[in-house]
Amino acid sequence: MKHRLTLPGGWPALLASWITMASAVGGLPGNEEPDFAKVAAILEHHCVRCHNGGAAKGDFSLATAADLFASEFVVPGQPNDSHLIDVITPDGDQPPRMPQNADPVPAEAVSILRDWIAAGARWPEGRELFERSRADATFWSLQPITTTESLNASATTASEIIDQLIDERLAADGLTRNPPADRRTLIRRATYDLTGLPPTPAQTRTFLKDRSPEAWSRLIDRLLASHAYGERWGRHWLDVVRFGESRGFERNVIIHDIWPFRDYVIRALNEDRPFDQLIREHLAGDVLAADDPQSTIGTAFLVAGPYDDVGNQDAAAAAQIRANTLDEVIRATSEAFLGLTVGCARCHNHKFDPITQADYYSLYATFSGVRHGSVEWATTKARQQRTARLQPLQQDQSALEQQKRELLTAILQRGREHLQQHAEHWPRPPVDRRGTEERFSPVTARFVRLVCESQDTNANAATGFTIEEFEVWSAPASPDDDPQNVALASYGSIARGVARRIEDFAGAYGPQLTIDGSTGARFLAASTTLTIELPQPERIDRVLFSSARDEERPEHGLFRFVAEYRIEVSDDGQSWTKVADGSDRQPVNQGPHLDRRLRLLETTDAEQEQIAAIDRRLRQTRQQIAQIPGLPTAWIGRRVASDAAGPFHIFQGGNPQKLGKRIHPASLHVLNPLRQRRPGLTEADLTSGEFYELDAGVPEAERRLALANWIVHPANPLTRRVLANRIWHYHFGTGLVDTPSDFGFMGGRPSHPRLLDVLANQLQTSGWRIKALHRAIMLSETYQQASTFGQEAAKIDADARLLWRFPPRRLSAEEVRDTMLDVAGRLTREPDSGPGFRLYRFLQDNVSTYVPLDQHGPETYRRAVYHQNARSSVVDLMTEFDQPDCSFGTPRRAATTTPLQALTLLNHSFTLDMAGALARRLQAAHPQALTEQINLAFALCYGRPPTEPESESCATFVKSHDLVALCRVLLNTTELISVR
């Protein structure tokens, strides 16, 4: 898509604006000729957006002098012979050929280009043209954070400053804040806000009785000190950093050991760990404290997103997949911490924000050593202790294995010396996956079986082979009789064998496939035998079996076949007689299968006893090794030095096969004021953290640490603004910037710019501890105001962005589920942690399937933050209430209203179970006292007593139905799942 920029005043004003902008961002060197400044502005506006070094259409670029003159697109001194002039000049009544899908180059601009070419088309050395982004270094979010010195001196606390700035903005539109909310509303609002759970009746009574001025602040401190605070706000952060517990993409395999990152986030928030430290740990925790698992787990952030593990044998495709993987890390990092869509600069310079391709690939170089996967997650001491226990056992194991290896080598050597004699007994060719036949003397049998002794891809394995068809042929009674395949399901035969099982596709690899009369689908054996039961005894003399009869590439690994085997028959399925085997066939290869054959033929009885004795000792040693617990693992990812070695280049058009100029790990150029002002950099500049530019040979760990330090440096205006805005967003439902992960040109503009900087400064003042910011916001009168709707105010500010009222909200998906468990008395409020629970059944073959559970058992009665969320999966109740797919970061959740929400909440078995549990709780608390049961139900669900009409209506309903039905109604009310 081509984006046109039009300004008042026509083309001359546009040209002047480009020249001014170029000067502002350092793109117009002081020694550049003014004429070329005009030329550059014309080319950048009309041409370079398509024809540039990053993504040149038609493989043609106008970005540099080399590009322009090498193609003879411009012939210095000869404008009439220059193709550039030709394509931008109208041909009679026909419009110019370039630019396509855009306004023509104005005649005045064409004249400037003609004069420039006629004068020799001088191009300043080293100058490269870029399409200018819509925003530049003067954009609001890139400016230094302002101080609060200009605010009213009467506002002495952060809360008072918040109220002052909110009131000033309201007054500008003739609005005022609502009066304070009642105390029941406040405790419910604050408790859900900070913990995601309703207040208990006892907590509500205590707060209502406390009339001291400090009651509200004490409530906030109590909630911030609860374990539930980290669970609630941890869920917010996990949304932002796209935390999921499956790999995504086609296979979407579940990840069993990334849950420690979730517990780490919850613990860090409860400890009020400085958020700049948290960010550093996310990007370089393994560098900051390599021997501290509680720090290294933070770097699971890097690999917490979706990961394509399908693999590809094509080098170009593999490079593209790798580029996509790092792109996901770059996007997650830049959006979560900086609020910038750096990923948009992957194929070309950012169209809207001052982010270049060089910026993008500098981050690519920074993250280049990161690979997804599980690693041991333990201290050096724990590793050493385990090694000390393992080492003597492993030495014993190695000695035994060496002893066995020497014995087998001697046997094999003897066998090779006798190879010629043995080979004389192997006249037949090896087995053939396209069809292997065995003939034998006619025999009458009802059961026929294939016994695998060795499969053709692993000489030491007798399982894992495949059979697509197994034919058993009748022996003709006379020359005129035609033989018949009697091993067909259509004939009444039955095939039996243990197959690899796929839960969601029963029989996918079952033995029935061997007698269905068709090729293509295969029995995949999980045991050593395939047995065919005929409908009645048959006189037979031949079998034919295959795994790749009609395949173009029978050698493919999918078609594993038997290598050594025997054919047996039986009358009763109990007593078996061998009628054929493959011992007289040549081995399938001259390697492992030949060696196996020779060892079997040459091993003496004494040697066999010796091998058995060694095997017994090996089993004992291996059992002892297995009894030593392994070290825990975590999905932190691996660091691969060879991947980070470089050199690194811009990928032109985002294509790894088209390398552009070389780049180095560095911070974003637009936030490097020193580098813009002077070319020479001192050591102090490079180590201050205000910006960084590293040599290509710097270890990848230092690159990530430099990035982390730059992101949280006090001179970086984005990180604190973005974090402060996120906290405001979760308190009020909408941030001061309503696009929490996009502070660029296409994002929202701050509704209260000065307030945003106040909050960012508060973060700095509190040492990046966010609990202080919670207190400042929640102690403000703005937060404590009522949510009462005002019709006149709504005409001016319908969605209450200016906060003339507190914005009411529906509970999130997790809060809905947790609330139902809590009021029913089934949710434990004790601190939780560890592996998550599942509200689905996980099924895996080449791909993974997540089947929602119809029944949610007691083992799932934990807070929803501990659910093992898989990507692209559906979880009943929570999916309906807008739980996001964790394939992407979710800085702002949707809040929809759909019929499916009402249907699920009313009819799901979970609701019915919770209604029954709530009824039992009420009856246990007040046996035979219906009025007290109703009062308690309202206190639990709504934090208030029922009105007299409500109490009477509920009592009548219970008498007509029962208490469980009433509880079901209460769990389906809007008031239960709303905060106002």
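Q: What makes Phe73, Val74, Val75 and Ile117 contacts of Ser82?
A: Contact means heavy atoms within 4.5 Å. In this predicted model, Ser82 meets that limit with Phe73, Val74, Val75 and Ile117, once its neighbours within four places in sequence are left aside. Ser82 itself lies in the loop between α3 (65-70) and α4 (83-88).

Q: Why is Ser82 called buried?
A: The relative accessible area of Ser82 is 1%. Buried means under 20%, so Ser82 is counted as buried.

Q: Why is Arg218 called partly exposed?
A: The value for Arg218 is a relative accessible area of 43%. Buried is under 20% and exposed is over 50%, with partly exposed in between. Arg218 is therefore partly exposed.

Q: Where is Arg218 found, and which residues is it in contact with?
A: Arg218 is in helix α9. Leaving aside neighbours within four places in sequence, Arg218 is in contact with Asp210 and Ser212. The C-alpha atoms of Arg218 and Phe207 are separated by 9.4 Å, and the two residues are eleven apart along the chain.

Q: Which residues of helix α9 are buried, and what covers them?
A: In α9 (residues 215-225) the buried residues are Ala215, Trp216, Leu219, Ile220, Leu223 and Leu224. Their cover includes α7, α8 (201-209), α10, α25 (770-778) and α26 (781-784). As background, an α-helix has 3.6 residues a turn, so residues three or four places apart point the same way.

Q: How do you know that helix α28 is mostly covered?
A: Eleven of the eleven residues of α28 (residues 813-823) are buried. Among them are charged residues such as Glu814, Arg817 and Asp818. The buried residues of α28 pack against several elements, including α7 (183-195), α29 (899-907), α30 (909-925) and α31.

Q: Why are Phe249 and Leu803 put into classes of accessible area that have separate names?
A: Phe249 has a relative accessible area of 47%, so it is partly exposed. Leu803 has 3%, so it is buried. The cut-off for buried is under 20%.

Q: Which kind of peptide bond joins Met98 to Pro99, cis or trans?
A: The bond from Met98 to Pro99 is cis, with omega near -5°. Pro99 sits in the loop between α4 and α5 (107-118). Another cis bond joins Gly646 and Pro647, where omega is about 0°. Pro647 belongs to the loop between β12 (638-639) and β13 (648-651).

Q: How is the packing of helices α31 and α32 described?
A: Two packed helices are described by the angle between their axes and the distance between the axes. For α31 (residues 930-942) and α32 (residues 948-960) the angle is about 115° and the axes are 10 Å apart. The crossing is right-handed.

Q: What makes up the contact of α31 with α32?
A: From α31 come Leu930, Ile934 and Phe938; from α32 come Glu950, Ser951, Cys954, Ala955, Val958 and Lys959. By class there are six nonpolar, one polar and two charged residues. Glu and Lys count as charged, so Glu950 and Lys959 are the two charged ones.

Q: What makes a set of residues a nonpolar core, and how many residues has the largest one?
A: A nonpolar core is a set of buried nonpolar residues, Leu, Phe and Trp among them, joined through side-chain atoms within 4.5 Å. The largest has 165 residues, and those with the most contacts inside it are Phe261, Leu283 and Trp728. Leu283 touches residues including Phe301, Leu302, Phe337, Phe367 and Ile711. A second, separate core has 28 residues, among them Ala445, Ile467, Phe545 and Ile567. In soluble globular proteins, nonpolar side chains tend to be buried together.

Key. Residues numbered from 1 in each chain as written. Predicted model: local features only at pLDDT ≥ 70, side-chain atom pairs only at ≥ 80, totals over all residues. Heavy atoms only, no water. Axes fitted to C-alpha atoms, helices over the stretch in contact; angles between N-to-C directions. Helix = DSSP H or I, 4+ residues; strand = E, 2+ residues; numbered from the N terminus. Left-handed = near helix turned anticlockwise from the far one by under 90°. Buried < 20%, exposed > 50% of the residue type's maximum accessible area, 1.4 Å probe, protein only.
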